[in-house]
Amino acid sequence: MRNEMHIQFSALSQNESFARVTVAAFIAQLDPTMDELTEIKTVVSEAVTNCIIHGYENDPNGIVYISVILEDSYIDLTIRDEGKGIFDVEEARQPLFTTKPELERSGMGFTIMENFMDEIEIQSSPDSGTEIRLRKHLMNSKMLSN
């Protein structure tokens, strides 16, 4: 069985925790381990923070979009913005790379996402935003029943 949810919210830093908790509550029906739940919450936090700080450059008029699809024991997570986009995705994926060193950003967001998820795909182009698609298989999850 397939179950999905979609949310959107203003690109405000205080909404990052809302996004993390909302996604965690939705995936809880698959009964993930505490480690899996923590990893997914961390990934959501990193991706949403990237949207707010880099995509919209803290413009509260921006909107962050999250979609989650649960199917069998898989989680498909998409986080997207319509911000300034990433000029060079491969460069942005390098550990410690940041465009905001003055904000003391670690440059580890994509590295964390890659380590905690099974698959990651980043689509971005300047001035049209960024979409990050992530997939994770939960090892001991409950299957969604019909």
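This is a predicted model: local features need pLDDT of at least 70, side-chain atom pairs count only at pLDDT 80 or more; totals for chains, interfaces and linings use all residues.
Leaving aside neighbours within four places in sequence, which residues is Leu12 in contact with? The contacts are with Ile52 and Pro60.

## Leu12 and its surroundings

Leu12 sits in the loop that joins strand S1 (2-10) to H1. Its relative accessibility is 30%, so Leu12 counts as partly exposed. Leu12 and Asn58 are 46 residues apart in sequence. In space, their C-alpha atoms are 7.0 Å apart.

## The overall plan

How many helices and strands does the protein have? There are four helices and five strands. Along the sequence they follow the pattern β-α-α-β-β-α-α-β-β.

The protein has 146 residues, and 45% of them count as buried. Its accessible surface comes to about 7800 Å². Carbon and sulfur atoms hold 48% of that surface.

## Two packed helices

Two packed helices are described by the angle between their axes and the distance between the axes. Here the pair is helix H1 (residues 15-27) and helix H2 (residues 34-55). They pack at an angle of about 145 degrees. Their axes are 9 Å apart. The crossing of H1 past H2 is right-handed.

Which residues of H1 and H2 meet? On the H1 side they are Glu16, Ala19, Arg20, Val23, Ala24 and Ile27. On the H2 side they are Leu37, Ile40, Lys41, Val44, Ser45, Val48 and Thr49. Sorted by class, this contact has eight nonpolar, two polar and three charged residues.

## Asn15 in helix H1

Asn15 belongs to helix H1. Is Asn15 buried or exposed? Its relative accessibility is 18%, and the cut-off for buried is under 20%, so Asn15 counts as buried.

Set aside residues up to four places away in sequence, and Asn15 touches Phe9 and Ser10. Asn15 and Val48 are 33 residues apart along the chain. Their C-alpha atoms are separated by 8.7 Å.

## One aromatic pair

A search of the whole structure turns up one aromatic pair. Why is the pair of Phe9 and Phe18 edge-to-face? The ring planes stand at 85 degrees, and planes over 60 degrees apart count as edge-to-face, so the pair falls in that class. The ring centres are 5.9 Å apart.

The two partners have their own accessibility values. Phe9, at 6% relative accessibility, counts as buried. Phe18, at 40%, counts as partly exposed.

Glu57 has a positive phi of about 50 degrees, although it is not a glycine. For Asn58 the phi is also positive, about 65 degrees, and Asn58 is not a glycine either.

How accessible are these residues? Glu57 has a relative accessible area of 43%, which makes it partly exposed. Asn58, with 46%, is partly exposed as well. Asn58 is also the residue whose C-alpha lies 7.0 Å from that of Leu12.

## Two buried positions

Ala47 is part of helix H2. Its relative accessible area is 0%, so Ala47 is buried. What does Ala47 contact, leaving aside neighbours within four places in sequence? The contacts are Ile79, Met113 and Ile132. Of these, Met113 is 66 residues from Ala47 in sequence. The distance in space is 8.1 Å, C-alpha to C-alpha.

Leu70 has its place in strand S2. At 0% relative accessibility, Leu70 counts as buried. Leu70 and Leu30 are 40 residues apart in sequence. In space they are 8.2 Å apart, C-alpha to C-alpha.

Technical notes:
Residues are numbered from 1 along each chain as its sequence is written. Side-chain values use heavy atoms; hydrogens and water are left out. Buried means under 20% relative accessible area, exposed over 50%, partly exposed in between (1.4 Å probe, protein chains only). Accessible areas come from the Shrake-Rupley method with a 1.4 Å probe; for residues, only the protein chains shown count as cover. Axes are lines fitted to C-alpha atoms, for helices over the stretch in contact, and angles run from 0 to 180 degrees between N-to-C directions. A crossing is left-handed if the near helix is turned anticlockwise from the far one by less than a right angle, and right-handed if clockwise. Contact means heavy atoms within 4.5 Å. Ala, Val, Leu, Ile, Met, Phe, Trp, Tyr, Cys and Pro count as nonpolar, Asp, Glu, Lys and Arg as charged, and the others, Gly among them, as polar. Rings of Phe, Tyr and Trp (its six-membered ring) pair if their centres lie within 6.5 Å; planes under 30 degrees apart count as stacked, over 60 as edge-to-face and the rest as tilted.
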